[in-house]
Amino acid sequence: MTKLLEGLNPAQREAVEHVDGPLLILAGPGSGKTRVVTHRIAHLLSLGVPAWQILALTFTNKAAAEMRLRVERLAPGEKVWVSTFHRFGAKMLRKYAERVGLDPNYTIYDAGDARQTLKRVIESLQIPVMGYTPDRIAAAISKAKNRLIGPEEFKPRPGNPLSEIVAAVYPAYQQRLIASSAVDFDDLLLHIARLLHDDADLRANLDERFRYVMVDEYQDTNRAQYVLLRALSVDHPNLAATGDPDQSIYGWRGADLNNILEFENDYPSVKVVRLEQNYRSTPAILSVADTLIAQNKKRKAKSLFTENPEGPPVRLVTYADGDDEARGVATAIRDAVRSGRRRWSDFAVFYRVNALSRAIERVFRQQQIPFQMVRGQEFYQRREIKDVLAYCQLMNNPKDDLAFERTVNSPARGIGAKTIQRLGDYAYRHGISLLESARDAAQIDGVTKRTATLVAKFVTLMDTLDAYVGGPAEEAVSAVLEHSGYRKHLQGSDSEEDLNRLANIEELLTDARQFDEAMEEEEGAEANLEAYLERTWLVNETDGWDDDNDKVTLMTLHAAKGLEFPVVFLLAVEDGILPHERSANDPTQLEEERRLAFVGITRAEQELQLSHALRRDYRGQRRIAIPSSFLMELPTDTMDLAQLAATDDLGLAPDDLIGDWGDAPDEEVYRHEPIAKAPEPVTVEAPAIKTAATLLSAGGMGAMRVSPDAFKIGMEVEHPELGVGTVLTLSGSGKGRRAAVIFPDHGEKRFVLAFSPLRPL
Ligand code: ATP
Ligand code: MG
C-alpha cells in the first residue's frame with residue numbers, strides 16, 4: 001500500500017482511490033471528509049493527473065489555505081488550484097469580464113457598498129418603498145441572484161409589495177453596477193454561472209480544463225454554486241462532493257440542502273461512500289450531538305461510532321449572569337493551563353453572535369489570558385481604511401462612481417454634495433462616469449468657477465496616482481497617503497480618534513507590504529494593486545486566525561465550521577440567542593439553528609461545556625434569560641449538570657420581565673418570564689441554587705395563566721401594560737406557541753404565549 005493510503009480506513013480509502021465518475025462522500029462530523037479530499041487530490045497527482053486539471057473548492061480562505069498546505073505536504077511541489085467559490089468566481093470573471101459588460105479591472109463591492117449603491121438607485125428612481133429598508137430590498141435581490149434569477153427574469157408576485165419594489169429596483173441596480181464596472185458578492189457566482197449556462201463552447205472548454213472538481217462542505221452550496229459545479233461536470237463528470245446535511249448552516253444565505261439530498265438523482269452513476277467512524281470526539285460528546293440532531297425532522301439518520309475513549313461527561317452549567325459565565329470559563333481555562341494539563345490553544349469559546357463576546361473578552365484581558373478573536377472583516381471596514389482603499393479602487397477602476405464619491409471630498413476639499421449631484425446628473429446624461437464628468441466640470445451648469453478649479457485639482461491628483469496602478473500594493477497605498485493629503489490631514493489633528501486613524505492607515509501600509517512580500521515568495525503570483533484589492537474584498541471571518549499561536553480562540557459558531565479543538569465552551573445556550581430569535585416562528589429556521597448547535601458541539605475533541613445564564617446583558621439591556629429549548633433535548637441524565645454561582649435572589653424589576661432579543665428594533669419580543677415564580681426548585685445546598693436541571697424541569701410552565709391553545713387569530717386580548725390588542729398570527733404549539741399582537745398605541749409585538757400575561761377578552 002502506498003504511503004498515501006496508510007492511515008485511512010477502508011471506506012476512506014475507497015473514496016480516495018475513486019478516480020473517474022461522480023463521487024459523493026456523505027458523512028457526519030469528524031469522520032475524515034476533509035482528509036479524504038486532500039488525500040484524493042494527492043492520489044490523483046500520484047496517478048499522473050496534471051495539477052492544472054484539478055480544482056478544489058471550499059467556502060473560506062482559511063479552509064482553502066489549510067487544504068493547499070496539506071496537499072503540499074502529501075505531494076510536494078505540485079500546484080493545485082484550491083480556492084473559495086468566490087475567489088474562483090473572481091478570477092474567472094477577470095478573464096471573461098467583457099462578456100458580461102464589465103472591465104477586467106472591475107471592483108467588488110462589499111455589503112456596505114452594495115447597500116449604498118442600492119440606496120442611490122432607489123433615490124434616483126423615486127419609487128415608494130413602503131417602509132422596506134434598503135437592507136430588506138438588498139436581501140431580496142441577493143436571494144434572487146443566489147437562485148440565478150437575473151434582473152430581467154425577476155417577476156413580481158401579485159399581492160407581494162416587496163417583490164414589486166424589487167422588480168423595479170433590481171434591473172436599475174444591476175445597471176448601475178455594470179456602469180461602475182462593479183459587482184457585488186453574489187455577482188461573482190451569478191455572472192460565471194450564467195456565462196457557463198449561455199455559452200456552450202466556454203462551458204465545454206472549462207469542463208475539459210477542470211477535469212477533476214472537488215467540493216468540501218457541499219451542503220452549503222446555493223443554486224449558483226450548484227449550476228457552476230454542474231456545468232463543469234458534464235463531459236467529465238468527475239465531481240467529488242463531500243458533505244453532511246446535518247451541518248448545513250447557510251440557509252439564510254441561500255444554501256440549498258436539496259443540492260446534496262438530490263445529488264444521487266443528478267448523477268445516477270454516482271458512487272456514494274459513507275464514512276461512519278468519527279476520529280475527533282469522545283463518545284460522551286458524540287452522544288450529546290446525536291441526541292440533539294435527532295430532533296430535526298428533515299434529515300436522514302446516520303450512524304456514527306468512535307473508538308475514542310469515553311472521556312468526561314459533557315458539562316451543562318448554569319451561571320447567574322453573563323459576567324459570571326465569563327469568569328467561570330476563564331477560571332476553568334486558567335486552572336487547566338496552570339496545572340500543565342493544557343495549552344491555551346487547546347481551548348475554543350463559541351457563541352451565536354459576535355455581540356456575546358464582550359464579557360468574555362473583558363474577563364480574559366483582566367485575567368491575562370491570551371486569546372485571539374476571530375473577526376476578520378473589521379479592519380477593512382474602518383472608515384479611514386475604506387477611504388484610503390477607495391482611492392486605490394478608483395485608481396484601479398476609474399468607472400467606480402462609489403469610490404469617486406467617497407474620495408472626492410475626503411479629506412475635505414470644498415467639494416460639496418451639490419457639486420457631486422451636478423456631476424452625477426451630467427454623467428448620467430452623457431453615459432459617463434463621475435470621474436470623466438469631473439474632467440468637464442468647468443462646462444457643467446451650476447458648477448462655479450471656483451468649484452471647477454477644486455474639482456480639476458482632484459482630477460489632477462487621480463492622474464498622478466494613475467502611475468501606480470500596475471505596481472506593488474505598498475507603493476500604491478503609500479502614494480495615496482502622500483498625494484491625497486489624507487495622512488497630513490490626520491497628522492494635523494490632535495483628537496485621539498484621528499491619532500487612532502493615523503495608526504490604522506500606517507497599519508494598512510504594513511498590510512500591503514506583507515501582501516507584496518507574500519506574493520513575491522509565491523511562484524508566478526504577481527504583486528500588484530489589483531490582486532491586493534481583491535484580497536481585501538474577499539476577506540472572511542477566519543482569515544486572521546492563526547492556529548499556530550498558543551492562544552484561546554474566540555469565534556462565532558458559523559466561523560467554527562470544519563475546525564476542531566480539544567476543549568470547547570459554548571456560551572449562552574439560551575432562548576432567543578441559540579436558537580436565534582429569528583427562527584421563532586419558522587420550523588425550518590429552527591432546524592437550521594439546531595444544526596448550528598450541532599456544528600458547535602461536534603468541534604470538541606475531548607471536553608465540552610455548554611452554558612447558559614439566568615440573566616444576561618445583551619444589546620444594551622439586562623434581561624432574564626430563558627434556557628434554550630435545545631437544552632431540554634439533550635440526554636441530561638448522562639451529563640454533568642452544575643451551577644457555579646448561587647442565585648437565590650434574582651432581584652427582578654418589572655422591566656426585567658420584558659425582553660427584546662430581536663435583531664431589528666421592530667422585532668420586539670415581550671417575554672414575561674416565569675423563572676422568578678417557578679415552583680421552588682430542588683436545591684443542592686443552601687443558599688438555594690437553581691440548577692440547569694431544575695430550570696429545565698420547571699420548563700417555564702409554572703407561571704402560565706391561560707393555555708396557549710386558548711388563543712385564536714383575530715381575537716382581542718389584553719396586556720397589563722400595552723392594553724387591548726388583536727392577535728395577528730399564531731405559530732408553534734404548547735410552550736413554544738407564539739403570537740404576534742397588534743396594539744393601537746404600541747404597534748405589533750410578539751409574545752411567547754406561555755410566558756406572557758396576555759388574556760383573551
Ligand atoms: P467536519 O464534518 O467537522 O468537517 P470531517 O469529516 O471533515 O469533519 P476531518 O476534519 O477530515 O473530518 O477529520 C477529523 C479528524 O480526524 C482530523 O483530526 C483527522 O486528521 C482525523 N482523522 C480522519 N481520518 C482518520 C484516520 N483514518 N485515522 C486517524 N485520524 C483520522
Ligand atoms: Mg471537514
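Biologist: Which residue stands opposite Met214?

Modeller: Two strands pair if DSSP finds at least two bridges between them. Strands (E, at least two residues) and helices (H or I, at least four) are DSSP runs, numbered from the N terminus. In this predicted model, Met214 stands opposite Ala240 in strand 7. Strand 6 (residues 212-215) and strand 7 (residues 238-243) run parallel, joined by four bridges.

Biologist: What is the strand order of the open sheet?

Modeller: The order is 3-2-6-7-1-8, six strands with parallel pairing. Strand 3 (81-84) and strand 8 (271-275) are the edges, each pairing on one side only. From one strand to the next, the twist averages 15°.

Biologist: Which strands does helix 3 lie across?

Modeller: Axes are lines fitted to C-alpha atoms, for helices over the stretch in contact (C-beta atoms, placed from the backbone, within 7 Å). Angles run from 0 to 180 degrees between N-to-C directions. Helix 3 (residues 61-74) lies across strand 2 (54-58) and strand 3, at about 165° to strand 3.

Biologist: How many helices and strands does the protein chain have?

Modeller: The protein chain has 27 helices and 22 strands. Among its contacts between residues at least 6 apart in sequence, 74% join residues at least 24 apart.

Biologist: How are residues and chains labelled, and which pLDDT limits apply?

Modeller: Residues are numbered from 1 along each chain as its sequence is written, while chains are lettered from A and ligands numbered from 1 in the order written. In this predicted model, local features need pLDDT of at least 70 and side-chain atom pairs count only at 80 or more, whereas totals for chains, interfaces and linings use all residues.

Methods:
Contact = placed C-beta atoms within 7 Å.
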